[in-house]
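Colleague: I would like to go through this model with you before our meeting. Could you begin with the strands?

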Amino acid sequence: DAAKRCLNLISQMYDFCIRNEILKKNYADSVKIKQKREVKQEKNIFTEEEINKLWGNSHGIEEQYILIQIYSGLRVGEMLALTKADVNLEEHYLNIREAKTENGVRKVPIHDRIYPLIQECIARSKCDALITNINGKTMCYDNYKRNYFHPCCEKYDMTHSSHECRHTFISRATIAGCNPVYLRKIVGHTSMMTLTEQTYTHIDIPILLAEINKIP
């Protein structure tokens, strides 16, 4: 960083002076730069009041997408990568085939409350993608955040990042008493399971569905 570069320059100047017998000691050697402690920023999850505002206007496309994230724990990239073929309405799950890690490839149960929203997404789409823009066409990550997520938050005077939808899901699921092993399976955190928990990696969708529906 800037402080280290400055100290290095001063040290070189002292070395020059020592070589030319102007000074006898490099005083920069005794200077220690205090490492800046990184402050972990606390996640700002959606409040129940904010979630209720979104439900009160759930006919809106922006509200629908945020609610889908909050009730599924999907990352933005995972949600946008979904195709209509990845949706199993009969068995109530989303097939996540594209994820950041191998553990992220999974089947996510569709919470009862967002089931109708998923149906609307399918009806609105004019391409293979499940999550589309207002015209039913494919939408990229930046477009979603710039034209849908952030404007929706501003509409309700909310300050959030899109990733906080996922943290909200995990927080609400924990408060609702969801089994932590099942929860890690739903959000794709199976790498965090203990050896004993690994025996439960193959969990039937009806079990996960019953678990996710504990969230109000």
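Modeller: Please keep in mind that the model is predicted. Its open sheet is formed by three strands, ordered β1-β2-β3, and the pairing is antiparallel.

Colleague: Which strands stand at the edges?

Modeller: Those are β1 and β3. Each has a single partner strand, so one side of each has no neighbour in the sheet.

Colleague: How many bridges join β1 to β2?

Modeller: Two bridges join these antiparallel strands. As for V87, its bridge partner in β2 is L94.

Colleague: What does helix α5 pack against?

Modeller: The buried residues of α5 pack against α2, α3, β1 and β2.

Colleague: And which residues of that helix are buried?

Modeller: Helix α5 covers residues 115-124, and its buried residues are Y115, L117, I118, C121 and R124.

Colleague: Turning to charges, how many salt bridges are there?

Modeller: The count comes to six salt bridges. One of them pairs K155 with E63, with 3.0 Å between the closest N and O atoms. This pair links distant parts of the chain, since K155 belongs to helix α6 (residues 141-155) and E63 to helix α3 (residues 61-70), and the two are 92 residues apart.

Colleague: Is E63 buried or exposed?

Modeller: E63 is buried, at a relative accessible area of 1%.

Colleague: What is the partner of R97?

Modeller: R97 forms a salt bridge with D86, at 2.6 Å from N to O.

Colleague: What about K214 and E211?

Modeller: Their side chains also meet in a salt bridge, with an N to O distance of 2.8 Å. K214 is partly exposed at 40% relative accessibility, whereas E211 is buried at 7%.

Colleague: A change of topic: which residues make the nonpolar surface patch?

Modeller: The patch is made by F16, I18, I22 and L23, and has an area of about 350 Å².

Colleague: Where is L23?

Modeller: L23 is in the loop between α1 (2-19) and α2 (48-56). Its relative accessibility is 34%, so L23 counts as partly exposed.

Colleague: Lastly, the cysteines. How many disulfides are found?

Modeller: A search of the whole structure finds zero.

Colleague: How accessible are C152 and C140?

Modeller: C152 is buried, with a relative accessible area of 1%. C140 is partly exposed, at 47% relative accessibility.

Notes
Residues numbered from 1 in each chain as written. Predicted model: local features only at pLDDT ≥ 70, side-chain atom pairs only at ≥ 80, totals over all residues. Heavy atoms only, no water. Salt bridge = Lys/Arg side-chain N within 4 Å of Asp/Glu carboxyl O. Helix = DSSP H or I, 4+ residues; strand = E, 2+ residues; numbered from the N terminus. Buried < 20%, exposed > 50% of the residue type's maximum accessible area, 1.4 Å probe, protein only. Pairing = 2+ DSSP bridges. Patch = residues over 30% accessible without salt bridge, like charges linked within 9 Å, V, L, I, M, F, W, Y side chains within 5 Å. Areas by Shrake-Rupley, 256 points an atom, 1.4 Å probe, with all protein chains shown as cover. Disulfide = S-S within 2.5 Å. Contact = heavy atoms within 4.5 Å.
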